[in-house]
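Open the model in your viewer and get ready to select.

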Amino acid sequence: MDLFEYQGKQYFARFGIPVSPGGVAETVDEAVAVAESAGYPVVVKAQVKVGGRGKAGGIKLASNADEVRTHAGAILGMDIKGHVVRRIWVENASDIASEYYASFTLDRPNKVHLGMLSSEGGVEIEEVAANNPDAIARIAIDPVRGLSLEAARKWVDEAELDEAAREQASELLVKLYTCYVEGDCDLAEINPLILTTDGRVHALDAKVTLDENATFRHPEWAEFSATETEDPREQLAKEKGLNYIGLDGSVGIIANGAGLAMSTLDVVNQVGGSAANFLDIGGGANADVMAAALEVINSDPKVKAIFVNIFGGITRVDEVAKGVLEALERVHIAAPIVLRLDGTNAVAGRAILKPHLSERLVALPTMVEAAKRAVALAGS
Ligand code: GDP
Ligand code: MN
């Protein structure tokens, strides 16, 4: 789960990482109130989960209430790379002497944590990596041994941060590492990390991705998921315990197991169609799960045909067949359904469906034939 900048900063603050005083606002009036208490000048920042907000006009300096009104009014409702701005963060503006980059993330192939630090911050790190790779100092951290202050100091020297920033930066990086590990982050990134003209080092931006596998350890994360602006289809699916990803095509896909779901996507593409979603009902799916899956897909108006591709293993095909019939009874499914059912109890499953087959409920014996029919039905 990705956090908004303001949530990332609040997360950082819990671990003692210095950030600027500020607050969240959803209206122009709230923005002015926050600005008054943060102290002018302030910076008004669009809260969207994409980078490059500055370039898009989503970050503005304001030196009085009038300017806050102007900028807050312009930024609220702004569309930045497809993300509509619903909230802004207003903080006391900093006088920047230098901008750095710092992050921790997981280096999976090497089974270590990777720290990256650069004296060239404020620009996209990909850009630095491409144009001046030597400007990034990397550190591999053994998860068992962690990051000591001594190691952080050496790392900071290697990155050649300004002398005046080095000791504070070292201490901050140890805190950021603690935040990353104890806070169960997949990514903790500060870009820019700054040295102010009066000699303070602090985080001016925050990009935090939480590791959702650790949700059980963090009841406090509930406040973050509450502000998650999810695809309504994905939200409905989550409520029903389904593994669902919305896509842009016209063929709704239900399969059991992520591998089969991916193959189904490929086959639909191969025969000239496009998938409207990825929906894995998992192993051991019963009638209820199948019915829920159809309901979720049915809620997507882009779906013109539904392809149910089940290879029964633990999942029993007769249960799946019952689920399809149940769903058809419970809700009006707008799109025609093409089924390919194989594996455990496939014969029984097909027998259950047989009396109900029509041109809107089709069963075909192979994946390719079924995909072709679904694509054809979606196209007409
Ligand atoms: P991003 O473009 O989405 O990564 O947003 P950032 O929060 O990183 O801000 C982009 C840039 O805006 C920074 O690199 C700074 O140059 C500038 N900026 C942000 N906050 C301040 C501030 O308090 N004072 C000044 N002078 N510039 C700021
Ligand atoms: Mn940034």
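A polar contact is a pair of N or O atoms within 3.5 Å. Keep that cut-off in mind. Remember too that this model is predicted.

**Stop 1: the ligand's contacts.** Select ligand 1 and K45. A polar side-chain atom of K45 lies 2.6 Å from an oxygen atom of ligand 1. How much of the accessible area of ligand 1 does the protein cover? The protein covers 78% of the 560 Å² that the ligand has on its own.

**Stop 2: the shell.** Show the 15 residues around ligand 1. K45, R53, I59, S94 and E99 come nearest. By class, the shell has six nonpolar, five polar and four charged residues.

**Stop 3: the pocket.** Where does ligand 1 sit? Ligand 1 is in the largest pocket. Colour β2 (42–46), β7 (96–107) and β10 (185–196): each gives two or more residues to the shell around the ligand.

The largest pocket holds about 1200 Å³ of space. Its lining has 46 residues, and G52, R53, N191, P192 and D205 are the closest to its centre. Sorted by class, the lining has 21 nonpolar, eight polar and 17 charged residues.

**Last stop: the lining elements.** Select β3 (59–62), β6 (88–92), α4 (125–131) and β12 (207–210). These are among the elements that each supply at least two residues of the lining of the largest pocket.

Methods. Residues are numbered from 1 along each chain as its sequence is written. Chains are lettered from A and ligands numbered from 1 in the order in which they are written. This is a predicted model: local features need pLDDT of at least 70, side-chain atom pairs count only at pLDDT 80 or more; totals for chains, interfaces and linings use all residues. Side-chain values use heavy atoms; hydrogens and water are left out. A residue is near a molecule or strand if one of its heavy atoms lies within 4 Å of it. A polar contact is a pair of N or O atoms within 3.5 Å; within protein, one must be able to donate a hydrogen and the other to accept it, and residues adjacent in sequence count only if both atoms are side-chain atoms. Accessible areas come from the Shrake-Rupley method with a 1.4 Å probe; for residues, only the protein chains shown count as cover. On a 1 Å grid over the protein atoms alone, a cavity is a set of points where a 1.4 Å probe fits but cannot get out, and a pocket is an open set with protein on both sides within 12 Å along at least five of seven lines; lining residues have an atom within 4 Å of a point. A molecule sits in a cavity or pocket if more than half of its atoms lie within 2 Å of its grid points. Helices (H or I, at least four residues) and strands (E, at least two) are DSSP runs, numbered from the N terminus. Ala, Val, Leu, Ile, Met, Phe, Trp, Tyr, Cys and Pro count as nonpolar, Asp, Glu, Lys and Arg as charged, and the others, Gly among them, as polar. Grid points are joined across faces, edges and corners, and a volume is the space filled by probe spheres set on the points.
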